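Trainee: I have a chain open here and would like to go through it with you. Can we start with the charged pairs and then move on to the fold?

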Amino acid sequence: MSHRIERPFTARFLDGGEKVLLELTNTTDEVLTCVEILAVFLKDQGTPGGGPSRSHIKFERIGSVRPKEKAVLSHRTWIDGKPAAAGQDQLERLRVKAGEEKPYVLDISWETDNGKTRYQRIPVGH
């Protein structure tokens with residue numbers, strides 16, 4: 001019995017001018033469909049200890065990612081239950097910084113070509 005953990009996606013953050021972007025790469029040899037990242041709830045920076053989350057980031061679902069293909073995901077920051085203005089985007093907080101704690105994760109789900117749902121976690125943030 002194999003307990004191999006699947007890690008078909010790699011993630012990296014791109015500088016998109018005024019906005020940081022998230023790029024996922026399918027490192028497998030198969031098409032992965034219904035790719036989705038759960039919303040990331042951010043610690044409140046204005047409250048000691050982090051406090052309850054006032055902001056979160058939602059990512060757009062991707063229909064499919066072909067083998068060895070890269071996809072840039074659209075996202076939106078929400079603050080206090082409302083879409084944030086472009087200048088309030090929080091994706092930068094998910095960028096990994098060397099030597100810093102990674103307090104967040106990208107929880108990714110997808111379906112394989114035989115219809116099985118799979119999951120992967122990628123630690124991110126600072």
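Mentor: Start with the term: a salt bridge is a side-chain nitrogen of Lys or Arg within 4 Å of a carboxyl oxygen of Asp or Glu. This is a predicted model, where local features need pLDDT of at least 70, side-chain atom pairs count only at pLDDT 80 or more, and totals for chains, interfaces and linings use all residues. Residues are numbered from 1 along each chain as its sequence is written, and side-chain values use heavy atoms, with hydrogens and water left out.

Trainee: How many salt bridges does a search of the whole structure find?

Mentor: The search finds 7. One of them joins Arg95 to Asp15, with the closest N and O atoms 2.6 Å apart. Arg95 lies in the loop between β9 and β10 and Asp15 in strand β1, so this pair ties together parts that are 80 residues apart in sequence. Strands here are DSSP runs of E with at least two residues, helices are runs of H or I with at least four, and both are numbered from the N terminus.

Trainee: Is Arg95 buried or exposed?

Mentor: Arg95 counts as buried, at 18% relative accessibility. Asp15 is exposed, with a relative accessible area of 65%. The cut-offs are under 20% relative accessible area for buried and over 50% for exposed, with partly exposed in between, using a 1.4 Å probe and protein chains only.

Trainee: Which residues are linked with Arg95 in a network of salt bridges?

Mentor: Asp15 and Glu92 are linked with Arg95 in that network.

Trainee: What about Arg54, which side chain does it meet in a salt bridge?

Mentor: Arg54 meets Asp80, at 2.5 Å from N to O. Arg54 lies in the loop between β4 and β5, and Asp80 in the loop between β8 and β9, so the pair ties together parts that are 26 residues apart in sequence. Arg54 is partly exposed at 42%, and Asp80 is also partly exposed, at 47%.

Trainee: And Arg66, what is its partner?

Mentor: Glu69, with the closest N and O atoms 3.9 Å apart. Arg66 is exposed, with a relative accessible area of 52%, while Glu69 is partly exposed at 26%.

Trainee: OK, on to the fold. How many helices and strands does the chain have?

Mentor: There are 0 helices and 11 strands. The radius of gyration of the chain is 15 Å, close to the 14 Å that the globule rule gives for 126 residues, so the chain is as compact as a globular protein of that length. That radius is taken over C-alpha atoms, and the rule is 2.2 Å times the number of residues to the power 0.38. Along the principal axes, the C-alpha atoms fill a box of roughly 45 × 30 × 30 Å.

Trainee: What order does the open sheet of 4 strands have?

Mentor: The order is β4-β5-β8-β9, with antiparallel pairing. β4 (40–42) and β9 (82–83) stand at the edges with a single partner strand each, so one side of each is left without a neighbour in the sheet. Two strands pair if DSSP finds at least two bridges between them. Strand β8 (residues 75–79) is joined to β9 by 2 bridges, and Trp78 stands opposite Pro83 in β9.

Trainee: How many bridges do β1 and β2 pair over?

Mentor: β1 (residues 9–16) and β2 (residues 19–26) pair over 8 bridges, in the antiparallel sense. Ala11 stands opposite Leu24 in β2. The hairpin of these strands has 2 residues between them, and Gly17 takes a positive phi near 80° there.

Trainee: What is Leu106 in contact with, leaving aside neighbours within four places in sequence?

Mentor: Its contacts include Ala11, Leu22, Ile37, Phe59, Arg121 and Val124. Contact means heavy atoms within 4.5 Å. Of the 126 residues of the chain, 35% count as buried.
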